Amino acid sequence: MPGALQNEKAREIMTPSKTTELMKNLKMLSKVDEQLAEVSAENQLLHKKIATLTDDINTHKNNIQDKLKYIKEETHKEHKNEILLKETENEIEKLTVQQNSAKTNEELQIFKKKKASLKVRMSELEDAVLAFLTDLDKSKEEVAEEETKFQAEEQRTNKMILELRQKIAECEQRQSEFLEKRKEVSLLLPADARSKYERVFAKEKRNAVVEVKNRICQGCFMKITLQELNCMWRGDDLVFCRNCNRILCLPDDELIDDG
Ligand SMILES: [Zn+2]
């Protein structure tokens with residue numbers, strides 16, 4: 001039977017030192033993948049920090065832009081009021097001339113009434129202009145203060161972003177080193193074990209290989225059977241946890257190294 005023959009062959013190949021080597025290499029690959037996961041999480045976090053800093057600085061910048069826009073709009077309104085004020089003043093001057101040359105008392109009363117109402121209007125405009133100018137002065141002061149603060153903040157942020165980018169570069173360097181190591185370690189594994197590992201790793205993402213201590217899977221803490229433990233000792237095939245599907249390995253101090 002080909003199945004039995006294959007088992008026989010495997011048993012022949014799997015000396016204790018071979019089992020030890022396989023388990024050690026599997027553990028090493030799993031460790032490299034753990035390191036890769038850690039460095040990738042760190043990288044993501046660094047990118048997120050940069051995004052937050054950039055968002056904050058842009059929000060602050062937009063705030064200042066909004067305030068400058070408000071100042072511009074208010075300055076425009078204030079100018080319009082000043083023009084109106086000037087026009088009203090001219091209007092009053094004209095009425096004074098007309099009033100002086102009024103021919104009847106009735107005419108005089110009409111001019112006086114018009115002038116009085118224009119004076120009220122003028123006073124209102126003067127108040128408005130004054131209010132605008134006071135408000136504008138305050139806004140301009142505030143925005144100038146904020147711009148100074150913003151410049152300092154922008155400098156600080158740019159420095160932080162630069163440092164974060166440096167850390168990202170270091171992360172990427174480590175990442176490529178781990179990837180290189182992963183390639184090397186993968187090549188140490190027999191093709192069959194390698195593909196089994198990749199299958200578990202693709203599903204579990206973390207800790208594809210776990211140790212068994214006191215017959216307990218250290219991945220999910222379920223007890224394994226004696227038969228399974230024996231199978232691990234013999235090393236004819238990889239043993240998977242029935243509960244969490246991870247590859248089970250013996251602890252380093254239980255591995256026999258007769259090589
Ligand atoms: Zn388990």
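Visitor: Let's start with glutamine 65. Is it buried, partly exposed or exposed, going by its C-beta neighbours?
Guide: Glutamine 65 counts as exposed, because it has 11 C-beta neighbours inside 10 Å. Bear in mind that this is a predicted model.

Visitor: Where does glutamine 65 sit?
Guide: Glutamine 65 is part of helix α2, which covers residues 16-100.

Visitor: And how far is glutamine 65 from leucine 36?
Guide: The two are 29 residues apart in sequence, and their C-alpha atoms are 43 Å apart in space.

Visitor: What about methionine 28, which element is that in?
Guide: Methionine 28 is in helix α2 as well. It is partly exposed, because 18 other C-beta atoms lie within 10 Å.

Visitor: Okay, zooming out. How many helices and strands are there?
Guide: The chain has five helices and four strands. Starting at the N terminus, the order is α-α-α-α-β-β-α-β-β.

Visitor: Is the chain spread out or compact?
Guide: The chain is more spread out than a compact globule, because its radius of gyration is 42 Å, well over the 18 Å that the globule rule gives for 259 residues. Along its principal axes, the C-alpha trace spans about 135 × 35 × 30 Å.

Visitor: What share of the residues is buried?
Guide: Buried residues make up 12% of the 259 in the chain.

Visitor: And what share of the contacts comes from residues 24 or more positions apart?
Guide: Counting contacts with a separation of 6 or more, those residues account for 76%.

Visitor: Back to the helices. How do α2 and α3 cross?
Guide: Their axes come within 5 Å and cross at roughly 165°. That angle is over 145°, so α2 runs roughly antiparallel to α3. The crossing of α2 and α3 is left-handed.

Visitor: Why give both an angle and a distance?
Guide: Because two packed helices are described by the angle between their axes and the distance between the axes.

Visitor: New topic: how many residues are in the largest nonpolar core?
Guide: The largest nonpolar core has 22 residues. Those with the most contacts inside it are Leu26, Tyr197, Val209, Ile247, Leu248 and Cys249.

Visitor: Which elements give two or more residues to this core?
Guide: They are α2, α3 (105-188), α4 (191-204), β1 (209-213) and β4 (247-249). The largest share, five residues, comes from α2.

Visitor: You mentioned Leu248. What does leucine 248 touch?
Guide: Leaving out residues up to four places away in sequence, leucine 248 touches Val210, Val212, Cys217, Ile224, Met232, Val239, Phe240 and Cys241.

Visitor: Is asparagine 245 buried, partly exposed or exposed?
Guide: Asparagine 245 counts as partly exposed, because it has 14 C-beta neighbours inside 10 Å.

Notes
Residues are numbered from 1 along each chain as its sequence is written. This is a predicted model: local features need pLDDT of at least 70, side-chain atom pairs count only at pLDDT 80 or more; totals for chains, interfaces and linings use all residues. A residue is buried if 20 or more other C-beta atoms lie within 10 Å of its own, exposed if 12 or fewer, and partly exposed in between; C-beta atoms are placed from the backbone. The radius of gyration is taken over C-alpha atoms; the globule rule is 2.2 Å times the number of residues to the power 0.38. Two residues are in contact if their C-beta atoms, placed from the backbone, lie within 7 Å. A nonpolar core is a set of buried Ala, Val, Leu, Ile, Met, Phe, Trp, Tyr and Cys residues joined through C-beta atoms within 7 Å. Axes are lines fitted to C-alpha atoms, for helices over the stretch in contact, and angles run from 0 to 180 degrees between N-to-C directions. Angles under 35 degrees count as roughly parallel, over 145 as roughly antiparallel, 65 to 115 as roughly perpendicular and the rest as oblique. A crossing is left-handed if the near helix is turned anticlockwise from the far one by less than a right angle, and right-handed if clockwise.
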